[in-house]
Amino acid sequence: MDYKKDVIYQIYPKSFQSTTGKPTGDLRGVIKHIPYLKKLGIKMVWFNPFFTSPQKDNGYDIADFRAIDPIYGTMDDYMAMAKALRDNGIELMLDMVFNHTSTEHIWFQKALAGDKKYQDYYILRPGKPDGSLPTNWESKFGGPAWNKFGDTDLYYLCLYDKTQADLDWRNPDVRAELSDIVNFWMTKGVTGFRFDVINVIGKDEILVDAPPETESKKLYTDKPIVHTYLKELNQNSFGQDPEIVTVGEMSSTTIENCIEYTNPDNHELTMVFNFHHLKVDYENGQKWTKIPFDFTALKNILFDWQVDITAGNGWNALFWNCHDQPRALNRFGSPDKYRVESAKMLAAALHLLRGTPYIYMGEEIGMVDPYYSSLSQYDDIETFNAYKELTASGLEETAVMDIIRTKSRDNARIPMPWDDSEFGSFSTVTPWLTNPKTKDINVKKELESGSIFKFYQQLIQLRHDLDVISDGDITPYSRDHDQVFAYIRRLGTDRLLVLNNFYEKETEIEIPKEFVGDSRILLANYDVSADDIKTSYTLRAYETLALYVSE
């Protein structure tokens, strides 16, 4: 694929389509809906992990990197899916979880059995002389980041769940094993790789406590050696094929590091995910809180990354939604009153930026968060840990559940609704997560009478048609406006002005002279005529408007 002109679609296999009579999705289910993906116009699918796993963290705890988990099917099913996608002009991107393995992985099991070679695959440390843990680091999922290593005096590092043991990238045997895994999947037709939390692999040889008032993640995130590791992985695997597309998920990263990760001259990665723009509704930087999003912060973060990454010859992955985030419509739009308008506005605001857009399944039909009434309806381990911590902090049950409904990762993981039947034709039995909105929001209804899907098709085609979208520079416009996210793209004599009202309230904005008179309306989510484009324009609720000039 052409990563500058093409769009990537993310499938969470567990929630896409069941064909086996089970409550979870499978690979044959993907084959069933390839015509739908082709109709949308995407050129690559990123799959969340479907490797063998005990599913403690929905597949991000991998027990065998080279095998398909039976809940999803077999290697034959994978090969059939890969061929069917390729036959329809769609490539595959797989999720490589290389920071850690499941504690059920054979490497960890051999380590537990006393095999020194495999003990060196993991980060094992003795406790302190006073009997406390090796360091005071906190797990990303809550609690300490260390767990007892069998019946020994050692502890193993687990930055996420205790069943996810961190690998020691300082060991060249580990790095060789991981390169071999990438090469294995390249022989299976994979042309894209997403590397999970890849910027936390650079732990120091000597691990120390985080100082007071310092988050422990600062001691292991974006360490300089990560660049060395990525260069080596590139050289020994995917870098041997210039057509391979890679994206790194970067936790708490910086623009400077991401320029280095993605500048083609450095031979590391094609692009990066960063999550700073999705933390603007975190109170004091804490995820498990509920406050309105900070629009000024959102704009500044998006603009800083756009402008600086461009200047550094790096490349952004563009996204509002993924399997780890609540639906953007609930966070930045109007999921009820202006669902269609805000879905289109968010799509245009993102897809017309510089970078590679990602569409998370269901985004193209305007899916929103479910509204679960009890904790028992959730599945996510992070959500359960957050519930315990919030409750222990003294918050009342109603306040705790309000936060859970707002921030749980399960918001994004509900099954894809294919029609308005009880389970949305996702499955013939009660799904692993319920989707209470299949009657109102589903693929069949959207394709028959909706307009969001068509809007996404239009955006995907425009990126192919206009080089100013795929290759142009970007300049923030009216940056201080309190409601509008606006920017200008330029390439040669082509210019594109994009205006996005992030609120229900109407607002006025000046139109630059270069776009008055000679511009054409490239894209809009309301009826607009050329006569409406004057020196000022009133944007309606969640309105998006793109004006194009070519000389």
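Which residues does His227 touch, not counting residues up to four places away in sequence? They are Asn257, Glu260, Tyr261 and Glu268, where contact means heavy atoms within 4.5 Å. This is a predicted model, in which local features need pLDDT of at least 70, side-chain atom pairs count only at pLDDT 80 or more, and totals for chains, interfaces and linings use all residues. Residues are numbered from 1 along each chain as its sequence is written, and side-chain values use heavy atoms, with hydrogens and water left out.

- His227 is found in helix α7; helices (H or I, at least four residues) and strands (E, at least two) are DSSP runs, numbered from the N terminus.
- His227 is buried, at a relative accessible area of 5%. Buried means under 20% relative accessible area, exposed over 50%, and partly exposed in between (1.4 Å probe, protein chains only).
- Helix α8 (residues 255–262) has 6 of its 8 residues buried, so the rest of the structure largely encloses it.
- The buried residues of α8 are Ile255, Asn257, Cys258, Ile259, Tyr261 and Thr262. Their cover includes α7, β13 (271–273) and α9 (295–311).

**Aromatic pairs**

- The structure holds 42 aromatic pairs. Rings of Phe, Tyr and Trp (its six-membered ring) pair if their centres lie within 6.5 Å; planes under 30 degrees apart count as stacked, over 60 as edge-to-face and the rest as tilted.
- Tyr36 and Trp418 have ring centres 5.3 Å apart and planes at 85°, so the pair is edge-to-face.
- Tyr36 lies in helix α2 (residues 34–40) and Trp418 in the loop between α14 (410–413) and α15 (443–449), so this pair ties together parts 382 residues apart in sequence. Both Tyr36 and Trp418 are buried.
- Trp137 and Tyr220 have ring centres 5.1 Å apart and planes at 45°, so the pair is tilted.
- This pair links distant parts of the chain, 83 residues apart: Trp137 is in the loop between β7 (124–126) and β8 (146–148), and Tyr220 in the loop between β11 (192–195) and α7 (225–236).
- Trp137 is buried, with a relative accessible area of 2%; Tyr220 is buried too, at 1%.
- Ring pairs also link a cluster, including Phe293, Trp320, Phe485 and Tyr503.

**Charges over rings**

- Lys14 lies over the face of Trp432, 4.1 Å from the ring centre. The criterion is NZ of Lys or CZ of Arg within 6 Å of the ring centre and within 35 degrees of the ring normal.
- The charged end of Lys148 sits over the ring of Tyr155, at 5.6 Å from its centre.

**Ile460**

- Ile460 is in helix α16 (residues 452–465). Ile460 is buried, with a relative accessible area of 3%.
- Ile460 touches Val7, Leu40, Gly41, Ile42 and Ile359, not counting residues up to four places away in sequence.
- The C-alpha atoms of Ile460 and Ala165 are separated by 40 Å, and the two residues are 295 apart along the chain.
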